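Reader: I'd like to learn how to read this kind of model. Can we go through it together?

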Amino acid sequence: MHEKTRPPAGGSEAGAEKDTYHHGNLREALLAAATAIIDEKGLDGLSLRACAARAGVSHAAPAHHFANLRGLLTALGTIAFRRFHARIAAEQARAGGTAIERLRAAAHGYVGFAVSNPGLFRLMFSASLLDWEDAELGAAAGAA
């Protein structure tokens, strides 16, 4: 995930070894780090700096993808709503054909997601933490 590179010989740091890191999938790494932090410490334990440290990048690196913590939380909320919707849809697909069977399956998927993903579930319903003007978040939440 991290690629170590050295400057060319004879460059400004000739004779000195300098390590720089390139992260191939920074956005996803930051979102995965945020999810892990939320699972371990809750929403109050989350910061961009903590996500960067968890992902093994500089504290300034998240700015390449997220303007602020709310931007990261909004992207994570979008993912959460998509997973939530997928879980409910999968349960309903396995259900029988009656309306009551589909309703029970949807409830099972809803509760199953909440139990399996308590941090993401709380985030989804923490309206003040998310940017509801974001089109992707709105679409994901609307579909769910």
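Reader: How many salt bridges does a search of the whole structure find?

Author: A quick note before that: this is a predicted model, where local features need pLDDT of at least 70, side-chain atom pairs count only at pLDDT 80 or more, and totals for chains, interfaces and linings use all residues. Residues are numbered from 1 along each chain as its sequence is written, and side-chain values use heavy atoms, with hydrogens and water left out. A salt bridge is a side-chain nitrogen of Lys or Arg within 4 Å of a carboxyl oxygen of Asp or Glu. The search turns up three.

Reader: Which residue forms a salt bridge with Arg-54?

Author: Glu-40, with the closest N and O atoms 2.7 Å apart. This pair links distant parts of the chain, Glu-40 sitting in helix H1 and Arg-54 in helix H2 (residues 48-55), 14 residues apart. Helices here are DSSP runs (H or I, at least four residues), numbered from the N terminus.

Reader: And what meets Arg-82 in a salt bridge?

Author: Glu-136, at 3.2 Å from N to O. Arg-82 is in helix H3 and Glu-136 in helix H6 (residues 135-143), 54 residues apart.

Reader: Is Thr-74 buried or exposed?

Author: Buried means under 20% relative accessible area, exposed over 50%, partly exposed in between (1.4 Å probe, protein chains only). Thr-74 has 4% relative accessibility, so it counts as buried. By contrast, Arg-82 is partly exposed at 44%.

Reader: Where does Thr-74 lie?

Author: In helix H3, residues 69-94. Thr-74 touches Leu-129 and Asp-134, among others; contact means heavy atoms within 4.5 Å.

Technical notes
Helices (H or I, at least four residues) and strands (E, at least two) are DSSP runs, numbered from the N terminus. Lists of a residue's contacts leave out its neighbours within four places in sequence.
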